[in-house]
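Please look at the sequence and the structure below before reading on. The paragraphs after them go through the parts one at a time.

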Amino acid sequence: MSLASSIKKARYRFFPDHIVGEMLSKSWIDNAIPFAFMIVVVGVIGLLLPNFFTGSNISILSRQYGELALVVLAMTTVILVGGIDLSVGSNFALANFLMLYFLNLAHLPVGVSAGLTILITSGVGLINGLLVGYLRLRAFLTTLVTLIIVRAVVDLLLLEYAQDMSMSFYSSPLWDMMGLGGVWIFPFSFVVLAAVAVVAHIAFSRSGPGWRLLAIGGSRRSAFNMGLPVKRIVCSAYVISGALVGMAGVLYAARLSGAGTDTGIGLEISALTAAILGGNSLGGGRGSVPKALMGAVTVLVLSNGVLRLGLNSGSGPMVLGLALLFAVFVDVRWMKNRHKLLSKVYVSPTLMEMPDPRPTDKGPFEINDRLSDVEVIALGEVESPEDVILDEDDNLYSGNRHGDIIRYFAPDYKTHEVYAHIGGAPLGMSFDRNGNLLVCVGGMGLYMVSKADRSVSKVTDETNRSVFSVVDDSRLRLADDLDIAPDGKIYFSEATIRYEMHDWPVDALESRGNGRIICYDPATKKTRTLLKNLVFPNGVCTAHDGKSILFAESWGCRINRYWLEGPRKGKLEVLADRLPGYPDNINRASDGTYWVAIMGMRSPALDLALRMPDFRRRMARRIAADQWLYPNLNIGCVARFNDKGEFLESMWDRYATNHPMITSMREHKGWLYLGGITNNRIGRIRLEGMNDGWSGWSSYWGGSARGQA
Amino acid sequence: MKFGGRLKYVSQEKIVFTITLVMFAVFAVSLDGFIGTSNLLALLRSVAVLGILGLGMLIVVLGRGIDLSMVANMAISVAWTIQLVGTGMPLWAALAIGLGFALGMSLITGILVAFAEIPAIFATLAMGTFIYGFGRAHLITGTDVVYLPADFGWAAQIGQGRLLGVPIPILLAVILAVVVYLFLRFSKHGWNTYNIGDNAQASRITGIAVRPTMVLQYMLSGTAAYLAGLITATAVQSMNTRIVNSNMIYDVILIVVLGGVSLSGGRGSVRNVIVGTLLIGVLVNGMTIMDIQYTIQNVIKSLILLLAIVADSVINPRDEQTGQQGDI
């Protein structure tokens, strides 16, 4: 093997391409860019300023951070509901002034002063809320006007009282603690922020009011049409904003104890920049408290750093302006292209080197016409019977794509009824000891139809979550075949965890081990994953001796054996590989061998493409999905093999007229019943030389079946 | 709807114009010296700059945009021009460089809005902050105010000169109003500005070059800003860059919105801006004569703006069903 191909092999073996797509599909990826930006900003400023990471500096910064982040949270609340609040800057100045006024001139206690201040700033928020929420004015212009008016009011008040205020100096232990002290090593404002942030985070992510607020931001029209009190909620967002700004203003007053005309000037731009830099979406609906906090860190460090670097006066606004532009640009582009990007990178083909197939011109796979005289059942009356099964009374069962289990009555199968309706897409089936029908349902999980009253119940639809999986893989996406071991444990396969059922061709294009074998134990009612990273596992079948299960890996064109007991317990081995097509269901034959359905044949072109993952990746990105290379599922065969993995015979229908496509087969009393997922019929063919009395159920559960070996 | 139907013929423009006339009449009767020619010329002259900025803003607003960077662009480009002349550069070269700077900045703004698809409010807000910051950091360092050099040549006449007894700023504002009117009424790009403001998607489908036209709108507003800046600077012999931190940009929006130009784009004309400008002119002049404090003037102007947009929303209510997402 050449070095290049070794490198290629190692690269596809060890580099998890699919992680990129899975990460993009997570909602926390929205935080990645803001977080990276925050780290870069803090890192660069930290490097440029020698004493940046010292304790005292961090302490000073975190005190300012408490105030700024409260204002950013105020802005975020309003942005989330789909508005904007430009009045935060002057409202902040108003709070600062009022707090100092109440303390110094009205001589009120700290608690009362703070309460009154927050009440008044909430009132300003209420005015905004009434205008924007109830009168439906434009948030930007309205809050712009309140910005000007409140600023003018503050200026007037300052003219009136500034001199008196500078004369008196209020001091009390509580007030000093608010401005200078804190709790343990944390400054007071930081503690307040932490408390507010926790409450706000729970409110936004886990409470009804928070969800309703986000719903309005996401789509005001839909929220209105579903009957949410849009006006009231929008209004209350502005009131909350006013209250939070009031708190920030009180803390600012405690820190500096001075009222100047420049208090809070431009704060609205800083807060807006922070909210957007953190990754909250303009226009509402998408955002969170952690995003606001991240954005606040970035803006605080950025503006503080520029100031301390001693650059000239314009640099602060310049950097802030650039940061805002950058943030909005990323926000707009990200929102617009995220799904495009996801759909482009989600499909991540991997290297799959398939050995040459067994010959079909001689040997057990030699093409013949043994299936050409299949008897056809229910022609045109059933859609996509993926699996077929028969009970002890010779009745025939199959699923269909409408989510029903259909029962065809013995002996001629000319009449049928809906045995049970499950929903989803019923795939593999199996009878348990008591005659209950267990069904793997694509998109739903493992279900049971009870024999007694045909009631449908869920057996399991989730398994243990993988520790290192990016996406939550606990939910079953495509359970496709099952079998029951002698001890009653149910072994079933999940073909892929990355795609829904109708996207199976894309999984074939990836040919990554996306599937798994899962075991459900009825004794403990626990479901756990046994084997992972299987290439479209399928067709689970308990061996005749009950000591192992056999299953096919469809896109891998091989049949595996997994030992349940004996010396090799827990080991997985390849029983037969190099199949000429894609194996699907495996079932027992009456003579101690096994039937396997080959649902489609390999083609040299796809085999070659599987060796060229880059080619398949380009294909998936650049051309329409209906023009991709897919496995051919038009024609196949039924083959029989023994416990050693030796193939004994195969049955083909060369002209593909009677029963073109086969995904499953069951032997029952001398007949072989055939199902195919793209068919509109069920087939059966008389078997020569097989046991006429043998049935699947009795092989599993009848007589001494349990201790056959 | 009933309310709107009853007020069908009572547009905001007519209300504002009526208020202007009433206020004019009241001031004329009650205030000494209000009605005199010199005061009226002073009145017009005082709002000429605002009117010119309003005309630039009009073009952008008609295309469903907004330009909050106008005042910053005006202050920095003109201050830099003056500074260049002060350091000995020929007048024409300095003027060209200043205009080039203003156009360059508005070109960037336009590209950010049209091609990068950043909402106009944020693009222009950020550009305004950036222009001011960049100017103060790299162009006009050390001082807030740049004074007009003694030898500013013919350009000094822009703000100070008179033609046939009429101050040149007023003439310039009138000429510009006519030019903008002709542009919007008769030129292809003017028409397309309305079309884009009405429905940008449909305009795009019909084959209008939506993005370049939007860039053009911002460059026109940048030109208006530069002209307004030259008038301001030559009139008061200096350019104070701190004007960026004032409420001036809100005054510009005020006159545009007051006159009845819809911020959703596509509705309005030069006439609306003239009406808005006159109201503010009369109001400010009257209040100045009455010696009302500047801060209180701001409050009154803001309240009037608030009333105007409340009236707008009552007459043209925004429906929950047709409201646009993200339209803030």
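Predicted model: local features only at pLDDT ≥ 70, side-chain atom pairs only at ≥ 80, totals over all residues.

Residues are numbered from 1 along each chain as its sequence is written, while chains are lettered from A and ligands numbered from 1 in the order in which they are written.

Chain B contains 14 helices and four strands; helices (H or I, at least four residues) and strands (E, at least two) are DSSP runs, numbered from the N terminus. The radius of gyration of chain B is 20 Å, which agrees with the value near 20 Å for a compact globule of 328 residues. That radius is taken over C-alpha atoms, and the globule rule is 2.2 Å times the number of residues to the power 0.38. Along the principal axes, the C-alpha atoms of chain B fill a box of roughly 65 × 55 × 35 Å. Of its 328 residues, 51% count as buried (a residue is buried if 20 or more other C-beta atoms, placed from the backbone, lie within 10 Å of its own).

An unreviewed UniProt entry annotates transmembrane regions in chain B, including residues 161-184 and 215-236; such annotations may be inferred rather than shown by experiment, and the positions are given in the numbering used here. Residues 215-236 of chain B are 100% helix and 0% strand, with end C-alpha atoms 32 Å apart. In residues 161-184 of chain B, 71% is helix and 17% is strand, and the end C-alpha atoms lie 29 Å apart.

Chain A is divided into domain 1 (7-47 + 62-343) and domain 2 (363-460 + 473-499 + 515-707), with bounds from an automatic or database domain assignment. Taken over C-alpha atoms, the centres of these two domains of chain A are 58 Å apart.

Chain A also has an open sheet of four strands with antiparallel pairing, in the order β20-β21-β22-β23. Two strands pair if DSSP finds at least two bridges between them. The edge strands of chain A, β20 (581-588) and β23 (647-652), each pair on one side only. Strand β22 (residues 637-641) of chain A pairs with β23(A) over five bridges, and A:V638 has A:M651 in β23(A) as its bridge partner.

Where do chains A and B touch, and how many residues are in contact? Here 43 residues of chain A are in contact with 41 residues of chain B, contact meaning that C-beta atoms, placed from the backbone, lie within 7 Å. On the side of chain A that touches chain B, α7 (139-167), α11 (220-225) and α15 (315-345) of chain A each supply at least two residues. The largest share, twelve residues, comes from α15(A).

Note on methods: Buried ≥ 20, exposed ≤ 12 C-beta atoms within 10 Å, placed from the backbone. Contact = placed C-beta atoms within 7 Å.
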